[in-house]
Amino acid sequence: MEFKIERVAELARLNLKSEEKQKLEKDLGAILDYVKKLEALDTKGVEPTSHVLNMENVFRADEVKPSDAAEKALEHAPHADGRFFKVPKIVHRD
Amino acid sequence: MNYEPVIGLEVHVQLKTWSKLFCSCSTEFGAEGNSHTCPVCLGWPGSLPVLNEAALKLGIRVGLALNCKVAERLKFDRKNYFYPDLPKAYQISQFDMPVNGKGELLIETKTADGKMIERKIGITRAHLEEDAGKLLHEGITDGSLVDYNRGGIPLLEIVSEPDLRSPQEAYDYLTALKAILQYVEVSDCDMEKGSLRCDANVSVRPVGQEKFGTKVEIKNLNSFKMVQKAIQYEIERQTEAIEGGETIVQETRLWDDGKGTTFSMRSKEEAHDYRYFPEPDLVPFTLSLELVKSIEATLPELPMARAKRFIKEFGIPEYDAYVLVQEKKLAEYFEACVREGAGAKTASNWIQTELLAMLNAKNIAIEDCPVASKEFAGLLKLVEAGTVSGKTAKDVLQEMAATGKAADVIVKEKGLTQVSDTGLIEKAVEKAIAANPVAVAEFKAGKQKALGALVGAIMKETQGKANPKIVNEILQKKLQG
């Protein structure tokens, strides 16, 4: 299977050193080749499986329950400002 | 060369539920920052999303109202991208098995030459997904603040086919869609609260060319008028660029309402590879025919059907009917007036002019109208019977709104009954002619405008109560005689 290790790393927000790139490219390639073996199977007429559990239609009722998760999350956030998480600015105008 | 625009719209509507799509956090608007969050919507490891049944049913309801093919089987998928409004770095959405497949929406639109036409706009799909959090930039220079209260709120994304051909059609599509969403009571559709949002995909191509041009997605459109303006601007920008030999780049642009322009949204975090895959935390769903039928059975009469019924049943003009049905409560108010005995045309005219003007001036919604439909019908009946003049009736309406009294009570109390007694009017006419020789001479010399002064004098004499039709008749007769 074709892939570019730089693109995979970019999408995963990983900064790889060049020796890491080489190693990971080899490892990922081996994994993909292994999975590729599945292509030998005839899957004509077989419905794609999205889930392996033999279970469907699991719902919850539309009910509100309070949670104090935010207090803990804000306490552990790298940056916070009062009730808000703080992140670097990302949208720039040209 | 002539260019034509090709427009497709993506509408996100917040479904009216108490709790979020996959967790039990409240959807209440305006709460303190991050107070409606929990391990699920903050994306903590080990937490498990579970689908809100009410949200799915509301989603199906919209699908049925848009004549969509409702799926027999559906599943959820992860849409992966890094952006701080997503705590999980993916959004739970639907990729290849959405709850609603192809559908259509009939819209009534005005062509450039003012003709009303019906157009069928295709719906590509309408799928469920969770909303993202909100980034706050105001007043912060060294970063952005994030509030995840909106994160996980149930949305239905309604995607149109690229069937729209003008900013006006886009506007009319949105109006028609909003009306349907309100009729089926799935959302409050409040754009200010973000419960209805729209992104527009716009491209242009030479007239006659089948292949679409490169499209640009416009975001940050906070009202239907803005959508219309932004599309208009974008059509002109793209046409100019192409004629100047430039190539259109596929990109996301933001609308700047202050400047009336769109600008390119450059973000290094923008990775156009969502790598959708089945959400492993949510099992698939099978919808039974009974469930879909039971939801279908509860659908109300929809705006287009109602407009057609109004035209047929009440004989009001097409345009009036479509205006009235755009807002469910307004249509109900009109119909109630007619049921109370007011003439349909009178009711339609008075609701669209005087009543709406009054409500707009007071900035209140039709459902909070201080004059009940029964009372309004009472006033209209007085107008139709000639008991009060139209001019007087406008004042009576204000009085009704202020005091809550019935029209006939106010007319009686204030002695506003229109004078149709020809003897009385004749006297007033004679008096006016005698007192205004100059106006009379001017009129006889062919100056039609001079009649106004005479009518004014007669109205003054009768305290505005003379029936204007009879005044005019007698005046013409006396002057010519």
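Domain bounds here come from an automatic or database domain assignment. Residues are numbered from 1 along each chain as its sequence is written, while chains are lettered from A and ligands numbered from 1 in the order in which they are written. This is a predicted model, where local features need pLDDT of at least 70, side-chain atom pairs count only at pLDDT 80 or more, and totals for chains, interfaces and linings use all residues.

**Exercise 1. Find the domains into which chain B is divided.**

Step 1: take the centres of domain 1 and domain 3 of chain B over C-alpha atoms, and you get a separation of 62 Å.

**Exercise 2. Work out how many residues of chain A and chain B are in contact.**

Step 2: on the chain A side, β1 (59-60), α3 (69-76) and β3 each give at least two residues. Helices (H or I, at least four residues) and strands (E, at least two) are DSSP runs, numbered from the N terminus.
Step 3: sort that side of chain A by type, and you have 17 nonpolar, 6 polar and 12 charged residues. Ala, Val, Leu, Ile, Met, Phe, Trp, Tyr, Cys and Pro count as nonpolar, Asp, Glu, Lys and Arg as charged, and the others, Gly among them, as polar.

**Exercise 3. Trace the open sheet of 4 strands, and say which strands stand at the edges.**

Step 1: two strands pair if DSSP finds at least two bridges between them.
Step 2: the order is β2(A)-β3(A)-β9(B)-β8(B), with antiparallel pairing.
Step 3: β2 (80-81) of chain A and β8 (134-136) of chain B have a single partner strand each, so one side of each lacks a neighbour in the sheet.
Step 4: now look where the chains join: β3 (residues 84-87) of chain A and β9 (residues 144-147) of chain B run antiparallel, with 3 bridges. Here Lys86(A) sits opposite Leu145(B).

**Exercise 4. Find the strands that pair with β4 of chain B.**

Step 1: β4 (residues 77-80) pairs with β5 (residues 90-93) of chain B, antiparallel, over 4 bridges. Asn80(B) has Tyr90(B) as its bridge partner.
Step 2: β4(B) is also joined to β15(B) by 2 bridges, again antiparallel. There, Arg78(B) stands opposite Phe277(B).

**Exercise 5. Describe how α7 and α8 of chain B cross.**

Step 1: the axes of α7 (residues 328-339) and α8 (residues 344-362) come within 9 Å and cross at roughly 145 degrees. Axes are lines fitted to C-alpha atoms, for helices over the stretch in contact, and angles run from 0 to 180 degrees between N-to-C directions.
Step 2: the contact includes Tyr333(B) and Phe334(B) of α7(B), along with Ala344(B) and Ile351(B) of α8(B).
Step 3: by type, the contact residues come out as 7 nonpolar, 1 polar and no charged.

Conventions: Two residues are in contact if their C-beta atoms, placed from the backbone, lie within 7 Å.
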